[in-house]
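Biologist: Please zoom in on one helix packing for me. I'd like a bit of the whole-chain setting first, then the details.

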Amino acid sequence: MTPGRAPARPASASAPEPDPTADQASKDAMSNATTVSPAHSASTASTLITNIAALVTNDPSLGDGSPLGLIQDAAVVIDGDRIAWTGDQSKAPATDNRVDAGGRAVIPGFVDSHSHLVFAGDRTQEFNARMSGRPYSAGGIRTTVAATRAASDEELEANLTRYLEEALRQGTTTFETKSGYGLTVEDESRALRIAAAHTDEVTYLGAHIVSPDYADDPAAYVALVTGEMLDACAPYARWIDVFCEKGAFDGDQARAILTAGKAKGLHPRVHANQLSYGPGVQLAVELDAASADHCTHLTDADVDALANGNTVATLLPGAEFSTRAEWPNARRLLDAGVTVALSTDCNPGSSFTSSVPFCIALAVRDMGMTPDEAVWSATAGGAAALRRDDIGRLTPGARADLVLLDAPSHVHLSYRPGVPLVTGVWRRGERLV
């Protein structure tokens with residue numbers, strides 16, 4: 001397994017992310033969660049984290065030479081918001097501050113490259129019915145559309161920040177999120193405006209489903225998505241996405257939408273081949289999409305296309321868990337040389353989890369991944385799916401996004417599923433958990 005071959009995104013492109021400790025109650029809760037040292041503010045002072053049992057760097061030139069670049073008995077130096085040094089703790093340089101990891105493991109912060117966090121309401125009743133025997137279909141999205149349209153900006157942002165705080169406590173330091181639950185010009189643009197205040201990895205997904213308002217005229221809705229809605233949304237987004245699936249948008253519609261987005265400077269991502277075989281994956285590769293997401297139903301030609309292109313296959317096991325659907329075959333993709341990412345797909349309908357560790361455990365148990373591959377895919381793989389080289393790794397110059405596990409090895413993320421192992425999180429050099 002190798003890092004994504006897509007062109008890297010410069011580190012300077014990242015934008016400020018939310019301060020999840022703004023609420024005092026949340027601050028107190030997160031401060032109490034750590035067992036190593038209290039939270040501290042990032043500054044120009046340097047910090048040495050030492051007594052690390054196993055350090056995952058995701059640099060194969062380091063440590064054991066594996067894709068994880070695993071260093072035993074390690075240390076890492078943070079200087080400002082960047083990693084300044086990694087290596088054997090016996091060779092660590094002097095620093096202003098020192099943190100004892102207590103023989104625990106340190107890994108890069110998780111990169112959650114696929115989520116849907118700007119929404120209102122939930123779909124508890126739908127989930128309950130599905131677990132009682134009703135199959136999942138794309139039509140359930142309409143329930144969330146109605147609730148999201150009825151919500152105020154303040155309600156949508158409060159919901160967003162709630163799940164960001166939840167994800168941070170579980171080790172997620174970078175996230176992508178989408179629109180797609182408004183499906184009007186006003187509601188899609190406000191969703192992206194709200195999201196853009198918290199991350200620059202923002203995706204325009206006006207093509208989530210055909211809006212209920214255009215149920216009798218899908219062509220008119222495609223015209224809206226590629227015209228007035230795109231014009232209103234493009235200033236807030238970096239990416240454009242489409243749900244290329246039966247019941248949503250076919251290959252021709254998806255190509256028109258993604259091509260229009262590219263003309264506006266947005267780069268493609270594709271919901272591809274989730275519910276059935278279809279053109280989504282090969283369309284993603286054809287248009288040099290950063291990722292094809294889901295990739296559950298693949299032909300040999302689909303796998304070959306991914307292996308020979310720059311598009312990352314982003315697997316979302318939370319969706320299969322929540323819908324009792326067929327698992328993606330990660331082993332098939334990895335053996336073919338495809339770059340794989342793991343993400344949560346956090347959304348209120350088909351994957352209502354913000355836990356990357358949970359998805360790692362699922363991928364190892366049910367998708368044929370090794371523990372090493374799953375951790376790489378949830379960190380460096382997610383970075384590749386966002387075409388970033390400043391995150392998802394712990395090497396000099398990378399962003400200082402680190403997770404301290406209450407365990408001696410990253411393998412415990414799948415070895416001890418469901419256990420809250422994240423005991424410390426640094427983002428941009430600042431300890432937040």
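Modeller: Contact here means heavy atoms within 4.5 Å. Keep in mind that this is a predicted model, where local features need pLDDT of at least 70 and side-chain atom pairs 80 or more, while totals for chains, interfaces and linings use all residues. Numbering runs from 1 along each chain as its sequence is written, and side-chain values use heavy atoms, leaving out hydrogens and water.

Now the setting. Of contacts in the chain between residues at least 6 apart in sequence, 72% join residues at least 24 apart. You'll find 15 helices and 17 strands, taken as DSSP runs (H or I, at least four residues; E, at least two) numbered from the N terminus. Of the 433 residues, 59% count as buried, that is, under 20% relative accessible area with a 1.4 Å probe, protein chains only (over 50% is exposed, in between is partly exposed).

On to the pair itself: helix 6 (residues 218-226) packs with helix 8 (residues 251-263) at about 15 degrees, their axes 9 Å apart. The axes are lines fitted to C-alpha atoms over the stretch in contact, with angles from 0 to 180 degrees between N-to-C directions. That angle makes helix 6 roughly parallel to helix 8; the label covers angles under 35 degrees, with over 145 roughly antiparallel, 65 to 115 roughly perpendicular and the rest oblique.
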